[in-house]
Amino acid sequence: MRFVAGVDEVGRGPLAGAVVAAAVILDPKKHIEGLADSKKLSEKKRNELNIEIREKALCWSLGRAEVDEIDDINILQASLLAMKRAVEGLSILPDHVKIDGNKGIDMDISMETIIKGDSKVASISAASIIAKVARDKEMTELDLLHPEYGFARHKGYPTKQHREALIKFGALSEHRKSFKPVKEALQCRVQQN
């Protein structure tokens with residue numbers, strides 16, 4: 001096989017923001033040291049690797065599914081859609097796709113799913129890193145607009161601070177209304193008013 005793409009997504013668990021996926025075809029002639037599951041790397045290391053991956057990979061692409069899509073089709077289907085969009089966005093058509101997890105994407109292409117692939121396959125690790133850096137950047141930008149929610153710290157995940165802010169300030173358009181903590185916070189605000 002000539003071109004193998006690694007695919008991963010980030011952002012299934014947060015209460016806010018898009019789910020972001022990446023597809024990466026690494027260049028076998030350009031080694032990248034330190035690739036690993038993005039969750040196991042420091043933010044500084046992820047940012048350094050993000051730049052190196054974008055420079056050295058044969059090609060890479062981001063795909064996403066927005067909040068309204070997540071609420072409409074559910075987070076699993078939205079994650080698969082984001083991964084499909086990432087693969088479709090590659091400038092080189094891959095011969096084979098390696099996907100983190102146990103669910104394939106709806107494409108007529110050779111693929112395999114690999115549980116914990118972001119820890120086992122370099123191209124999936126690379127995809128997890130650039131997807132996480134991109135999504136974290138979006139959450140940091142959202143924090144500038146709405147600092148009362150603390151997005152720069154929790155990146156949209158359901159921390160105590162985030163859940164309390166939801167109850168106090170209500171949900172933003174970036175919040176996933178189909179997620180239970182968001183629904184509960186909205187109901188709580190209705191009862192308070």
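The largest nonpolar core holds 27 residues, among which V7, V19, M83 and V97 touch the most other members. A nonpolar core is here a set of buried Ala, Val, Leu, Ile, Met, Phe, Trp, Tyr and Cys residues joined through side-chain atoms within 4.5 Å. Buried means under 20% relative accessible area, exposed over 50%, and partly exposed in between, with a 1.4 Å probe and protein chains only. At least two residues of this core come from each of β1 (4–10), β2 (19–25), β3 (59–65), α3 (75–88), β4 (96–100) and α8 (180–192). Helix α3 gives the most, with 7 residues. A second, separate core of 17 residues includes A18, L41, L49 and I130.

The model is predicted: local features need pLDDT of at least 70 and side-chain atom pairs count only at pLDDT 80 or more, whereas totals for chains, interfaces and linings use all residues. Residues are numbered from 1 along each chain as its sequence is written, and side-chain values use heavy atoms, leaving out hydrogens and water.

Helices (H or I, at least four residues) and strands (E, at least two) are DSSP runs, numbered from the N terminus. Five strands form an open sheet in the order β3-β2-β1-β4-β5, with mixed pairing; two strands pair if DSSP finds at least two bridges between them. Because β3 and β5 (110–114) stand at the edges with a single partner strand each, one side of each is left without a neighbour in the sheet. On average, neighbouring strands of this sheet are turned by 20° against each other, direction ignored. Strands β4 and β5 pair in the parallel sense over 5 bridges, and the bridge partner of V97 in β5 is M111.

Helix α3 lies across β1, β2, β3 and β4 and runs at about 150° to β3. Axes are lines fitted to C-alpha atoms, for helices over the stretch in contact, with angles from 0 to 180 degrees between N-to-C directions; contact means heavy atoms within 4.5 Å.
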